[in-house]
Amino acid sequence: MSPRVLAATGMLEGVRQVLSPHCDARPAGTAIDLIVIHGISLPPGEFGGPWIEQLFTGNLPHEVHPYFAQIRGLRVSSHLLVRRDGELLQFVPFQLRAWHAGVSEYAGRTACNDFSIGIELEGDDGTPYEPAQYRAAAAAVRALLEAYPALSAQRIAGHSEIAPGRKTDPGPAFDWNRFRQQLG
Ligand SMILES: [Zn+2]
């Protein structure tokens with residue numbers, strides 16, 4: 001599969017869209033020049049289920065699990081989510097700012113949400129990510145590199161790198177060499 005970014009909408013062609021209200025405008029004149037790779041599972045350590053989509057759209061039912069009650073009121077999103085089977089979902093058009101990085105710094109610049117695209121892989125720090133996830137994430141990143149000239153294969157960081165001490169995802173389970181090979 002080789003999706004491409006539709007310039008008019010800032011959406012990846014052919015991916016399922018689940019639009020999130022958790023986004024806003026990037027600061028005027030900000031180029032998109034960083035991709036942030038994340039891992040997420042809800043509840044932590046469990047895969048499948050509608051919970052990530054519901055979290056990102058503000059519809060997580062807080063009574064379903066004690067962890068969901070703990071994160072009540074959390075307003076977060078990412079541009080893309082890669083499910084365990086490699087399915088891609090887009091929550092926020094790329095030209096808008098998704099709320100994935102939080103307090104963060106990359107190469108001396110803070111507030112990475114301003115200038116980055118966030119890609120969440122469903123997973124946790126210790127469970128190997130699926131081959132289909134590497135394939136889908138790499139295909140999405142190739143499309144982004146094509147669409148946004150300030151991006152490059154060198155400007156891809158894990159959440160743990162831009163928020164050290166606070167975040168650990170995508171964790172040691174994410175095989176960066178494999179991902180970079182897949183990128184080509
Ligand atoms: Zn993260």
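Student: Which secondary structure elements does the chain contain?

Tutor: The chain of this predicted model has 5 helices and 12 strands.

Student: How does one judge whether the chain is as compact as a globular protein of that length?

Tutor: One compares its radius of gyration with the value from the globule rule. Here the radius of gyration is 15 Å, close to the 16 Å that the rule gives for 184 residues, so the chain is as compact as a globular protein of that length. Along the principal axes, the C-alpha atoms occupy a box of roughly 45 × 35 × 35 Å.

Student: What share of the residues is buried?

Tutor: Of the 184 residues, 51% are buried. As for contacts with a separation of 6 or more, 70% join residues 24 or more positions apart.

Student: Where do nonpolar side chains tend to be in soluble globular proteins?

Tutor: They tend to be buried together. In this chain, the largest nonpolar core has 29 residues, and Leu12, Ile119, Leu144 and Phe179 touch the most other members. Among the elements that each supply at least two residues of this core are β5 (34–40), β11 (116–122) and α5 (176–183). The largest share, 8 residues, comes from α3.

Student: Which residues is Leu12 in contact with, leaving aside its neighbours within four places in sequence?

Tutor: Its contacts include Pro3, Val5, Leu80, Leu88, Phe94, Ala140 and Ala143. A second, separate core of 16 residues includes Val18, Leu42, Ile52 and Ile71.

Technical notes
Residues are numbered from 1 along each chain as its sequence is written. This is a predicted model: local features need pLDDT of at least 70, side-chain atom pairs count only at pLDDT 80 or more; totals for chains, interfaces and linings use all residues. Side-chain values use heavy atoms; hydrogens and water are left out. Helices (H or I, at least four residues) and strands (E, at least two) are DSSP runs, numbered from the N terminus. The radius of gyration is taken over C-alpha atoms; the globule rule is 2.2 Å times the number of residues to the power 0.38. Buried means under 20% relative accessible area, exposed over 50%, partly exposed in between (1.4 Å probe, protein chains only). Contact means heavy atoms within 4.5 Å. A nonpolar core is a set of buried Ala, Val, Leu, Ile, Met, Phe, Trp, Tyr and Cys residues joined through side-chain atoms within 4.5 Å.
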